[in-house]
Amino acid sequence: NVNYNDRIFVGGLIGHIGSNETSVNNSYSTVNVSGTNTNAVNFTGGFVGLSRGNVTNCYATGYVESTSANNAAHAGGFVGYMRDGSISNSYATGNIHSDSNTATTKVGGFVGYSEEGTSALGGMTISNCYATGYVESTYEGATLGGFTGASSGTTYTNCVYNKDSGLANSGAGNISAAGVTGYTMAQISAAGNGLPKLVGNN
């Protein structure tokens, strides 16, 4: 397990990918991840806490929990906060839980919060990715999505969330979910759908 207190960015494998010139390929995390920050916003992801890089052929299968007593506690099954770069051919299967008392919290099955940074060139992209975990928050006013909690400046292509996981009508929290579709687990596992079938796929 990965448990960190008073860290802003917490990930199962990587805390922070700091540049869109950085690439991470063919990697995975199977640990449960818990990030707690009492004095600042918290971003926790099953694979990476904050990503500004380019991630391909990766997956995360662990449970994700983000906690902040006085600020937003963003959480995503794969990435807590995406600020630049791209993610492709990747997936997350763990359940996601946020414990916060603020309405600005974003929680998603794959990405908690996707927000284009000032250094992002041509926008961010997420393609051929899926999430199967159950998404929840203790705060009723938080923004939840089966795939992404909230998003701006991001293009989605062939992205899928598990519509049997409790968010059947909500691929994205507060955006028009173009490129994001709800599938059953049988559809996610089916051959020929363009989704990754990496080692560890369940």
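**Strand pairing**

Tutor: Start with E7 and strand E12 (residues 73–76): the two pair in the parallel sense over four bridges. Keep in mind that this is a predicted model.

Student: Which residue in E12 stands opposite Asn-42?

Tutor: Ala-73 does.

Student: And what does strand E2 pair with, and in which sense?

Tutor: Strand E2 (residues 9–11) pairs with E7, in the parallel sense, over three bridges.

Student: Which way do the residues of E7 point, and are they buried or exposed?

Tutor: Strand E7 covers residues 42–45. Asn-42 and Thr-44 point one way, Phe-43 and Gly-45 the other. All are buried.

Student: What is the strand order in the open sheet?

Tutor: The order is E2-E7-E12-E17-E21, five strands with parallel pairing. E2 and strand E21 (143–145) stand at the edges. Each has a single partner strand, so one side of each has no neighbour in the sheet. On average, neighbouring strands of this sheet are turned by 15° against each other, direction ignored.

Student: What holds paired strands together in general?

Tutor: Strands of a sheet pair through backbone hydrogen bonds, parallel or antiparallel.

Student: Back up a bit. How many helices and strands does the chain have?

Tutor: One helix and 24 strands. The chain has 202 residues, and 52% of them count as buried.

Student: What share of the contacts comes from residues 24 or more positions apart?

Tutor: 75%, taking the contacts in the chain with a separation of 6 or more.

Student: Now E22. Why is it largely enclosed by the rest of the structure?

Tutor: Because four of its five residues are buried. Strand E22 spans residues 148–152. Strand E18 (residues 111–115) runs parallel to E22, and four bridges join them. Tyr-113 has Ala-150 in E22 as its bridge partner.

Student: Switching to charges. How many salt bridges does the structure hold?

Tutor: One. The side chains of Glu-115 and Arg-83 meet there, at 3.1 Å, N to O. The pair links distant parts of the chain, 32 residues apart. Glu-115 sits in strand E18, while Arg-83 is in the loop between strand E13 (79–82) and strand E14 (86–88).

Student: How does Glu-115 count for accessibility?

Tutor: As partly exposed, at 22% relative accessibility. The cut-off for buried is under 20%.

Student: Last topic, the core. Which residues of the largest nonpolar core touch the most other members?

Tutor: Phe-47, Val-55, Phe-78, Ile-87, Phe-110, Ile-126 and Phe-147. That core has 24 residues. Strand E3 (14–17), E13, strand E19 (124–131) and strand E23 (154–162) each supply at least two of its residues. E19 gives the most, with four residues.

Student: What is Ile-87 in contact with?

Tutor: Leave aside its neighbours within four places in sequence. Then Ile-87 contacts Val-55, Phe-78, Val-79, Met-82, Phe-110, Thr-125, Ile-126, Ser-127 and Cys-129.

Student: How many residues are in the other core?

Tutor: Six, among them Tyr-91, Tyr-130, Ile-188 and Leu-195. This core lies apart from the largest one.

Technical notes
Residues are numbered from 1 along each chain as its sequence is written. This is a predicted model: local features need pLDDT of at least 70, side-chain atom pairs count only at pLDDT 80 or more; totals for chains, interfaces and linings use all residues. Side-chain values use heavy atoms; hydrogens and water are left out. Buried means under 20% relative accessible area, exposed over 50%, partly exposed in between (1.4 Å probe, protein chains only). Contact means heavy atoms within 4.5 Å. Two strands pair if DSSP finds at least two bridges between them. A salt bridge is a side-chain nitrogen of Lys or Arg within 4 Å of a carboxyl oxygen of Asp or Glu. Axes are lines fitted to C-alpha atoms, for helices over the stretch in contact, and angles run from 0 to 180 degrees between N-to-C directions. A nonpolar core is a set of buried Ala, Val, Leu, Ile, Met, Phe, Trp, Tyr and Cys residues joined through side-chain atoms within 4.5 Å.
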